[in-house]
Amino acid sequence: MSQPDSLSHRFDRGDLISSADIEDNGLKWASVDNFSDLLNQKDAFIINTDLDSGGGIHWITLFVRDGICYIVDSLGPDNKRPNDKIMFKIIKDSDLKYQLYPHSFQYGDSSFCGWFAIYVTKLINHNKNADVFELIHDVFGDDADDTDIQKLIKAFGMNGKHQLDKKYDLNVKVNGAGIVDFIKGVHRRVVGAVKAIQGYRDWG
């Protein structure tokens, strides 16, 4: 959970990523009971953990390579996803194994799952030859903290209402030790976003 002074509290938790926002970012998505066709594509994609008939619960990223479906949930592998049995069955019925990313990088009391799903999906698609889980760990580390939110701000920017924009516009290209150069390279983009967040001055 986030601390009372966390950067996460500066954002409107009712302003969420929609399926239209995901499509506007050039990504494919489906509900947890209707994504089998997407398992055949080469790119990572996003699913909502709700049923197709529901209103939406949580966004996660899936990516298939070499007979394994990699599942990345920003809230971690132990997040209570109500329809995991359906998701796992669809994966197994497609003759695939699955692996869950073992760490979380989103505060449990925040609503950033859509932004994280878009970020991770773009990250994977720009680095398809990398080890998927090592790639994500290089960016987000072991646990959720404010630096993870900073990465969202760097990638999406801020809108006029001091909220995260919903259009991803950062080409996140990372390979191994290049993560430090990646962070330094995008630092210049952050200056305007920093000024947009009242009271937040030190980005490290």
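## Packing of H3 with H5

In this predicted model, the axes of H3 and H5 lie 11 Å apart, and the two helices pack at an angle of about 70°. Since angles of 65 to 115 degrees count as roughly perpendicular, H3 is therefore roughly perpendicular to H5. The crossing of H3 past H5 is left-handed.

On the H3 side, the contact is made by Trp115, Phe116, Ile118 and Tyr119, which meet Asp148, Lys151, Leu152, Ala155 and Phe156 in H5. Sorted by class, the residues of this contact are seven nonpolar and two charged, with no polar residue.

## Packing of H3 with H4

Helix H3 spans residues 113–126 and helix H4 residues 132–140; their axes come within 10 Å and cross at roughly 125°. This angle makes H3 oblique to H4. The crossing of H3 and H4 is right-handed.

From H3, the residues Phe116, Tyr119, Val120, Leu123 and Ile124 meet Val132, Leu135, Ile136, Val139 and Phe140 of H4. The contact of H3 with H4 comprises 10 nonpolar residues, with no polar and no charged ones.

Five strands form an open sheet with mixed pairing, in the order S1-S2-S3-S4-S5. Strand S1 (29–31) and strand S5 (97–100) are the edge strands, each pairing on one side only. On average, and with direction ignored, neighbouring strands of the sheet are turned by 30° against each other. Strand S4, covering residues 68–72, pairs with S5 in the parallel sense over four bridges. Cys69 has Tyr98 in S5 as its bridge partner.

Helix H2 (residues 84–93) packs on the sheet, where it touches strand S2 (45–48), strand S3 (59–65), S4 and S5. The direction of H2 makes about 140° with that of S5. H3 also packs on the sheet, touching S2, S3 and S4, and its direction makes about 20° with that of S3.

## Salt bridges

The structure holds six salt bridges. One of them joins Lys166 and Asp15, with the closest N and O atoms 3.0 Å apart. This pair links distant parts of the chain, as its two residues are 151 residues apart. Lys166 belongs to the loop between helix H5 (146–156) and helix H6 (179–186), whereas Asp15 is in the segment before helix H1 (19–24).

Note on methods: Residues are numbered from 1 along each chain as its sequence is written. This is a predicted model: local features need pLDDT of at least 70, side-chain atom pairs count only at pLDDT 80 or more; totals for chains, interfaces and linings use all residues. Side-chain values use heavy atoms; hydrogens and water are left out. Axes are lines fitted to C-alpha atoms, for helices over the stretch in contact, and angles run from 0 to 180 degrees between N-to-C directions. Angles under 35 degrees count as roughly parallel, over 145 as roughly antiparallel, 65 to 115 as roughly perpendicular and the rest as oblique. A crossing is left-handed if the near helix is turned anticlockwise from the far one by less than a right angle, and right-handed if clockwise. Contact means heavy atoms within 4.5 Å. Ala, Val, Leu, Ile, Met, Phe, Trp, Tyr, Cys and Pro count as nonpolar, Asp, Glu, Lys and Arg as charged, and the others, Gly among them, as polar. Two strands pair if DSSP finds at least two bridges between them. A salt bridge is a side-chain nitrogen of Lys or Arg within 4 Å of a carboxyl oxygen of Asp or Glu.
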